[in-house]
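Reader: Please take me through this model, beginning with the conventions that its description requires.

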Amino acid sequence: MQASGGLKLTLKGIKGNLADNVRAHLSPLPDSPATRASFLFSYQERVDEALQALGYYRAEVESDLQRTAGDWQLTLSITPGEPVRYNRVLVLIEGEARDDPVFQARLDAITIRPGDPVHHGRYLQLKADIISMGLVRGYLDGDMTQHRLEIDRDNNQADLLLLYQSGLRYRLGEVEFWASELNPDLLQKLVTFEPGTPYHSSEIGKLTNSLFSSGYFQDVKVLPHPARAVDGVIPIEAGLSPPPRHSFDVGIGYATDTRARLSTTWRTPVVNRHGHSQETKAELSELNPKLSFDYRIPIKHPLNDQLQLRASVGKEKFGDIDSTQYQGAVGRKTVTGGGWTRTLYLRYLSESWQQASLSPTADYILPGISFTHTQRSGPQLDPSAGFRQHYQLEHGEPFIRSDQRTTRFRGQLRMIATPWPKHRLSSRLELGFNLVDDDELLDLAPSLRFFAGGDQSIRGFGYQTLGPKAVVDEGEDTETTISVGGRYLLVGSVEYQYYLFERWRLAAFIDSGNAFDVYDSDAFKVVTSVGGGLHWISPIGPIRLDIGVGISESDNPWRLHITIGAEL
């Protein structure tokens with residue numbers, strides 16, 4: 001049964017923004033006799049408001065109302081005429097904001113000019129922008145003392161006047177912390193501004209973020225108190241809620257390289273009032289189980305300068321070699337200018353491995369340095385663009401208790417770009433070298449050699465199964481060929497991704513490279529694979545199902561790869 005009692009609207013003579021604005025002012029249309037009667041009483045005034053908001057003060061409106069069965073029909077024939085145009089536009093800033101370069105830039109960016117049609121929305125937006133800018137930048141006593149838009153209907157022109165009195169710009173004062181057991185000097189190091197810094201609302205956000213990022217607090221409330229300001233200096237209070245003394249996390253994961261994984265993590269975010277923290281993690285996996293301990297001590301800054309003490313024991317499979325590693329390290333991690341993270345460290349490594357019938361061991365003390373830098377844009381779990389760099393250099397010498405003299409470098413780069421909507425590119429490059437004597441290469445610990453193959457290397461091949469091989473004498477006239485890794489590594493990948501939907505995408509890729517031993521290009525066997533996959537952007541990060549096929553091999557091996565986690 002057809003509903004009745006409403007109203008249908010037709011506009012003639014106008015289009016575009018003007019028609020849209022009239023419709024917006026007349027919405028919603030009535031759907032009953034009662035609301036229709038009220039609508040017809042006031043619609044002409046609302047039409048005038050809609051037209052005048054865009055500068056049309058001389059419009060002629062003719063109405064035709066058809067009272068038919070069911071919904072009535074209202075037709076408005078509008079002749080807008082010429083819009084009112086600005087004759088004079090005057091925007092003045094007085095007070096300390098007059099010399100503020102940000103306010104000067106905003107005045108220079110004003111798009112309202114004499115001769116432009118009047119647009120009430122743009123006038124109100126300009127006024128609101130100036131008032132809001134004052135509050136954000138610390139002109140807390142600022143006031144728009146004059147704000148006029150004078151319409152001269154006889155001459156079809158208008159004058160705009162805005163006068164903003166900013167008063168003084170307030171400054172940030174000392175930060176008072178409450179409800180925290182941490183050392184006051186440590187808390188002050190987390191403050192992101194110096195007392196006396198000109199007030200800006202973003203400084204309050206930066207301080208809040210700095211306190212949260214420390215991991216020392218469960219809740220943070222930073223409150224400026226302008227009403228208690230003295231000589232323009234605003235005191236700041238930071239209320240801090242301590243986190244649980246201990247926390248425990250349990251995780252389950254799966255990747256083709258490492259198979260199923262169960263992990264549990266014990267964290268103590270605040271060990272003592274000096275800001276020490278610890279993390280102990282146990283990972284159960286068929287291929288590389290590991291137990292690790294990490295203890296952090298703030299030095300000059302709780303976030304950007306830390307002394308790190310680490311210890312771990314674990315197993316890992318390198319090609320045909322089963323390795324057990326005991327490690328300890330002491331290092332200083334510093335966040336430098338430009339967002340680079342530099343770590344200077346001294347690492348102890350004791351490694352034993354099963355290589356065919358042999359069971360060698362090796363010990364090292366390795367001073368080293370690493371640099372890491374990551375930049376990204378877009379969602380953290382699925383960025384639209386980004387570039388990550390990681391470089392590591394370490395050296396071992398017999399005179400400092402290393403079994404071999406070795407210099408090892410590894411560089412990893414990954415880049416993501418989205419040149420067009422729905423089209424995403426992901427590329428990576430990994431390179432490395434290990435300077436060690438030829439006759440000591442097979443005596444080098446497997447974790448210091450280079451291998452290729454796997455989810456994050458060359459897909460289509462098993463985890464760390466690619467690289468140089470060696471013939472090992474098993475005794476009794478028996479020899480076995482095994483993968484032993486190389487002293488050099490060069491692997492690259494390019495992947496194209498297309499979004500079918502917001503959380504689903506297809507992928508096509510090519511991976512190429514290998515681990516190798518000598519400079520001679522004839523000895524560098526390039527292994528190449530191609531493939532494709534389906535990715536789901538889950539709440540915990542992309543889940544990727546890829547199939548890689550080794551096209552450089554005569555038997556064209558293939559392998560299914562399942563990985564979980566963000567690329568950067």
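Author: A crossing of two helices is called left-handed if the near helix is turned anticlockwise from the far one by less than a right angle, and right-handed if clockwise. The structure is a predicted model, in which local features need pLDDT of at least 70 and side-chain atom pairs count only at pLDDT 80 or more, while totals for chains, interfaces and linings use all residues. Residues are numbered from 1 along each chain as its sequence is written, and side-chain values use heavy atoms, with hydrogens and water left out.

Reader: Does α1 pass α2 in a left-handed or a right-handed crossing?

Author: Helices (H or I, at least four residues) and strands (E, at least two) are DSSP runs, numbered from the N terminus. L18, N21, V22, H25 and L26 in α1 meet F39, Y43, R46, V47, E49, A50, L51 and A53 in α2, where contact means heavy atoms within 4.5 Å. With α1 as the passing helix and α2 as its partner, the crossing is right-handed.

Reader: At what angle do the axes of α1 and α2 cross?

Author: Axes are lines fitted to C-alpha atoms, for helices over the stretch in contact, and angles run from 0 to 180 degrees between N-to-C directions. The axes of α1 (residues 16–26) and α2 (residues 33–53) come within 9 Å of each other. Their crossing angle is roughly 145°.

Reader: Which residue is joined to S27 by a cis peptide bond?

Author: The bond in question has an omega of about -5°. The second residue of the pair is placed in the loop between α1 and α2. That residue is P28.

Reader: Which strands stand at the edges of the open sheet formed by three strands?

Author: The sheet has the order β4-β6-β5 with mixed pairing, two strands being paired if DSSP finds at least two bridges between them. Nine bridges join β4 to β6 (residues 157–165) in parallel, and R85 stands opposite Q157 in β6. Each edge strand has a single partner, so one side of each is left without a neighbour in the sheet; these strands are β4 (85–94) and β5 (143–152).

Reader: How many residues lie between β25 and β26 in their hairpin?

Author: Strand β25 (residues 527–538) runs antiparallel to β26 (residues 541–550), joined by ten bridges, and G531 has G548 in β26 as its bridge partner. β26 also pairs with β27 (residues 558–564) in the antiparallel sense over seven bridges. As for the hairpin of β25 and β26, the number of residues between the strands is two.

Reader: Is S370 buried or exposed?

Author: Buried means under 20% relative accessible area, exposed over 50%, and partly exposed in between (1.4 Å probe, protein chains only). S370 is placed in β17 (residues 361–377), and its contacts, not counting residues up to four places away in sequence, are T341, R342, T343, Y345, H390, Y391 and Q392. Because its relative accessibility is 9%, S370 counts as buried.

Reader: What is the phi of D231?

Author: D231 is found in the loop between β8 and β9. It counts as exposed because its relative accessibility is 68%. Although D231 is not a glycine, its phi is positive, at about 55°.

Reader: Where does N556 lie?

Author: N556 is a residue other than glycine with a positive phi, near 45°. Its relative accessible area is 38%, so it is partly exposed. N556 lies in the loop between β26 and β27.
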